[in-house]
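This report goes through a structure with the sequence beside it. Keep both in view while reading.

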Amino acid sequence: MLEYWRSTVGKKQFVAVTGAILVGYLILHMLGNLNSAFGPGADEARVDWYAHWLRTFGEPLLPRETILWVVRVVLLGALIVHITGIAQLVKRNREARPANFPAKRIGRSVESMAMLGTGILLLAFIIFHILQFTTLSIHVTPVEEGAVYANLYWVFQKWYFLAIYLAALVLVGMHLRHGIWSLFQTLGLDNPSRNQKLRHGATALVVILVIGFGSVPVLFFTDVLDPPREVALATILSGVFT
Amino acid sequence: MNFTLEIWRQFDGSDEEDKGRFETFKVTDIDPDASILEMLDQLNERLSREKKRNIAFDSDCREGICGTCALVIDGTPHGPQQVTSCQTYMRDFIDGQTITIEPFRASTFPVVRDLAVDRGALDRVIQAGGYISTTTGPQPDPNAMPVAPEVQEKAMDAAICIGCGACVAACPNGAAMLFTGAKVTHLNVLPQGQPERESRVVGMVEQMDAEGFGGCTNYGECSRVCPQEISIDVIGMLNREYRKAKTKRKPKTEKAMSTQ
């Protein structure tokens, strides 16, 4: 296994597999997000119920949040392998070309050339995103544990948060348009008759992901989705004080 | 036709640490049907008459089949036409234009002199697995090893590689994946290549790494300059063969033998 990791071909395959894990998670994440499009609901927002379900999934067989933490550990592991592999490959690739002689661009795509840049920016975005919605450490807008719908609503009332999230989606789209097709090539899962379909398939998946992710913040910002029920908040508060 | 040439000069023999530089030459009255190598020949003849050092460059067959010529013309390996340098003709350029001529650029291809580079690294990759074991002796029965036409075509599409190294020079990562992929595809799809199927791909990949070639990031530039138009499908094949060779479970007897 160590030998596999040491070779450039093997290392790139590790990067491809971990990339595939991250893409798989993105698809689930997007589907989960779409729960917020059901609005604040009569008594509980559907996305709040969904967030609760993610935490209690598997109970009483498994302790609370087990599945959630398994997913988090797998994702973190995949991300570390993905970044370590790429960092080492980039170093090798730079050494393989003499300094000051970048190869002329003949036909390579902008996405493929920007992979490193989009990757670094995405890492920064992921850290920001976790601080905002997982650890709830950014207090520009009111955030509260468990009140997912309300948190989302207030964040996406600000135009600059909307801009950050939409910009991140452009980066995701660019990174994956090359990445998804590329991983099939790297793992040798392509074949000549399938290659064109894989390229179009990658583009189609990217379009679905960007629209799926992008719709939620836009719906909040344009007030298509109703504000969270302050009533529900008030009852919780009154419960605390009595 | 008249041209201004910016030609790379390096290592005239006086300085081991020579970093190289471009020198400008003017050539006049060039036949449009002369190849770029013949144009360089004319320039060299003039330099000889002027008692100046000739421009060193590689060439051999001059009919596009040997893979010896290796010029980067205006930034593109082998020039604008996706043919070998020797098949690039002056009619492909505009009269009076400036043409930049450089050697193939890769850390694995050290410059020998001017436009000539040492592509021995590719030979060593071949030595690491680009061969088959075969018994010599009487000619075998022609039908002893049936090869389906589709397989034969696939093998020939890869075997057409002339080993010029333009793929390495075009790659922003200086990778030799197209070259190695072509050789692995050629031999691994044919029955004659089966005995070394796994050791071939593993050996060649290890040698690529040892030589210092970069890795593939699927830019596809290699295929766009390849004079033989080899597709990056051969890289997919290389990746597949490597993955299979590395993840295949060894039979217990083989494990026991290797530990002895």
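A residue is called buried when its relative accessible area is under 20%, exposed when that area is over 50%, and partly exposed in between, using a 1.4 Å probe and protein chains only.

## Basis of the report

The model is predicted, so local features need pLDDT of at least 70 and side-chain atom pairs count only at pLDDT 80 or more, while totals for chains, interfaces and linings use all residues. Residues are numbered from 1 along each chain as its sequence is written, chains are lettered from A and ligands numbered from 1 in the order in which they are written, and side-chain values use heavy atoms, with hydrogens and water left out.

## The two chains

Chain A has 10 helices and 0 strands. Helices (H or I, at least four residues) and strands (E, at least two) are DSSP runs, numbered from the N terminus. Chain B has 9 helices and 7 strands. Taken along the principal axes, the C-alpha atoms of chain A fill a box of roughly 70 × 40 × 35 Å, and those of chain B fill a box of roughly 70 × 40 × 40 Å.

Of the 242 residues in chain A, 38% are buried; of the 260 residues of chain B, 49% are buried. A contact means heavy atoms within 4.5 Å. Among contacts between residues at least 6 apart in sequence, 71% in chain A join residues at least 24 apart, and in chain B the figure is 70%.

Val9(A) is in helix H2 of chain A. Its relative accessibility is 3%, so Val9(A) counts as buried. Apart from residues up to four places away in sequence, Val9(A) touches Met177(B), Val205(B), Met208(B), Asn239(B) and Tyr242(B). Val9(A) and Thr186(A) are 177 residues apart in sequence, but their C-alpha atoms are 7.9 Å apart in space.

Lys12(A) is also found in helix H2 of chain A. Is Lys12(A) buried or exposed? Lys12(A) counts as buried because its relative accessibility is 12%. With neighbours within four places in sequence left aside, Lys12(A) is in contact with Leu89(A), Ser182(A) and Thr186(A), and also with Cys216(B), Thr217(B) and Asn218(B).

## Helix H9 of chain A

Helix H9 of chain A covers residues 195-221, which is 27 residues. The expected span of a helix is 1.5 Å times one less than its number of residues. For H9(A) this gives 39 Å, and the end C-alpha atoms are 39 Å apart, so the two values agree. H9(A) has a kink of about 30° at Ser215(A), shortly before the proline Pro217(A). The bend at a residue is the angle between axes fitted to the seven residues ending there and the seven starting there.

Several residues of H9(A) are buried, including Asn195(A), Leu198(A), Ala202(A), Gly212(A), Phe213(A) and Pro217(A). The elements covering the buried residues of H9(A) include helix H2 (8-33), helix H7 (148-155) and helix H8 (159-186) of chain A, together with helix H8 (233-247) of chain B. After H9(A) comes Asp223(A), whose phi is positive, near 60°.

## A helix pair in chain B

Two packed helices are described by the angle between their axes and the distance between the axes. In chain B, the axes of helix H5 (residues 177-188) and helix H6 (residues 197-211) come within 10 Å and cross at roughly 170°. Axes are lines fitted to C-alpha atoms, for helices over the stretch in contact, and angles run from 0 to 180 degrees between N-to-C directions. H5(B) and H6(B) are therefore roughly antiparallel to each other. Angles under 35 degrees count as roughly parallel, over 145 as roughly antiparallel, 65 to 115 as roughly perpendicular and the rest as oblique.

Most residues other than glycine have a negative phi, and most peptide bonds are trans. The peptide bond from Glu59(A) to Pro60(A) is cis, with omega near 0°. Pro60(A) is in the loop between helix H3 (46-56) and helix H4 (66-95) of chain A.

Leu136(A) is not a glycine, yet its phi is positive, about 50°. Leu136(A) is in the loop between helix H6 (115-133) and H7 of chain A, and it counts as buried because its relative accessibility is 14%. Asp114(B), not a glycine either, has a positive phi of about 50°. Asp114(B) lies in the loop between strand S6 (111-113) and strand S7 (116-117) of chain B. At 0% relative accessibility, Asp114(B) is therefore counted as buried.
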